[in-house]
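Reader: I am new to this structure. Please take me through it in short questions and answers.

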Amino acid sequence: MNHAFVTALAGAGHTAESLAERLGLHPKTVARWANPGHIPQSRHRATVANLLGQPIEALWPDAVRRREPVWFRPWVDIEREAVALRAFQLAWVPGLLQTEAYARATFIGQPLTADEVTDLVAARLDRQGVLHRPRGPLYVVVLDEQVLRRAAAGDRALMAAQVAHLLVCAELPNVQLHVVPVDTPTYPGLDGPFVIAELRDGNRVAHVDSQARAQIIEQPSEIATLERRWERIRGEALPRARTLELLREVAAAWT
């Protein structure tokens, strides 16, 4: 239990219900902040700290020690609160499913120091905890087959281990993995990767990457467009059993 939060809540004369009312949130959302690893989204954090009369670092030290880039933290907060994540990837294994070696390979060629890479890799691996916690989010992933066929860092052993790791992840009860075969004609996924998150209050937000920047999308009309694209992409993907067969074939091919 996060005793600092519980103590501050009582000391300020608040309950989860009263604090939720001040913030316009569901009481269950506030109650979860008493559990380790549950941190308010960045847009609420300072307000909560002010209401409880405590600095953010006293209530949630992990929020201060975080190692992921500042621009990416709002999405990490959303991942932690999501009940479902639907992800499509065209070029890379998603961060939540990467091995340490593969994660490190994604930073090759970037203007980063060794320490910076170490921090970024550690932050990415830390994010993967959401898939292993009790009642973690349903995580449905669709990959283009080229993701499995392209050697990260030109390292065959690295890829064999990564694909083997995908097979392990696919056995998690809250993970569904599907692959769009390489011989599929042009389809909407070729326009790029995205993730749609469903939150506990029923709202949906999305994360979209481009070469220039990543952005969080909240506009309902844009979410609806991505959801239509998701359904078309998912329709091109292999069913789970055939996907697992393909992963085994690819893993063997890399060894």
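Reader: Is Tyr 187 buried or exposed?
Author: This is a predicted model. Tyr 187 has a relative accessible area of 7%. The cut-off for buried is under 20%. So Tyr 187 counts as buried.

Reader: What kind of aromatic pair do Phe 88 and Tyr 187 make?
Author: A search of the whole structure gives five aromatic pairs. In the pair of Phe 88 and Tyr 187, the ring centres are 6.1 Å apart and the planes stand at 85°. Planes over 60 degrees apart count as edge-to-face. So this pair is edge-to-face.

Reader: How many residues apart in sequence are the parts that this pair of Phe 88 and Tyr 187 ties together?
Author: Phe 88 sits in strand β1. Tyr 187 sits in the loop between β3 and β4. The pair therefore ties together parts that are 99 residues apart in sequence.

Reader: Which residues do ring pairs link into a cluster?
Author: Phe 88 is buried, at a relative accessible area of 1%. Ring pairs link it into a cluster, whose members are Phe 88, Tyr 187 and Phe 194.

Reader: Over how many bridges do β2 and β3 pair?
Author: Strand β2 covers residues 138–144. Its Val 140 stands opposite Gln 176 in β3. The two strands pair in the parallel sense, over six bridges.

Reader: Within what arc do the buried residues of α2 fall?
Author: Helix α2 covers residues 16–23. Its buried residues are Ala 16, Leu 19, Ala 20 and Leu 23. Seen down the axis of α2, they line one face of the helix, because they fall within an arc of 100°.

Reader: Which exposed residues does the face of α2 turned away from its buried side carry?
Author: Just after α2, Gly 24 takes a positive phi of about 75°. On α2 itself, the face turned away from the buried side carries Glu 21 and Arg 22.

Conventions. Residues are numbered from 1 along each chain as its sequence is written. This is a predicted model: local features need pLDDT of at least 70, side-chain atom pairs count only at pLDDT 80 or more; totals for chains, interfaces and linings use all residues. Side-chain values use heavy atoms; hydrogens and water are left out. Two strands pair if DSSP finds at least two bridges between them. Helices (H or I, at least four residues) and strands (E, at least two) are DSSP runs, numbered from the N terminus. Buried means under 20% relative accessible area, exposed over 50%, partly exposed in between (1.4 Å probe, protein chains only). The arc is that of the directions from the helix axis to the C-beta atoms. Rings of Phe, Tyr and Trp (its six-membered ring) pair if their centres lie within 6.5 Å; planes under 30 degrees apart count as stacked, over 60 as edge-to-face and the rest as tilted.
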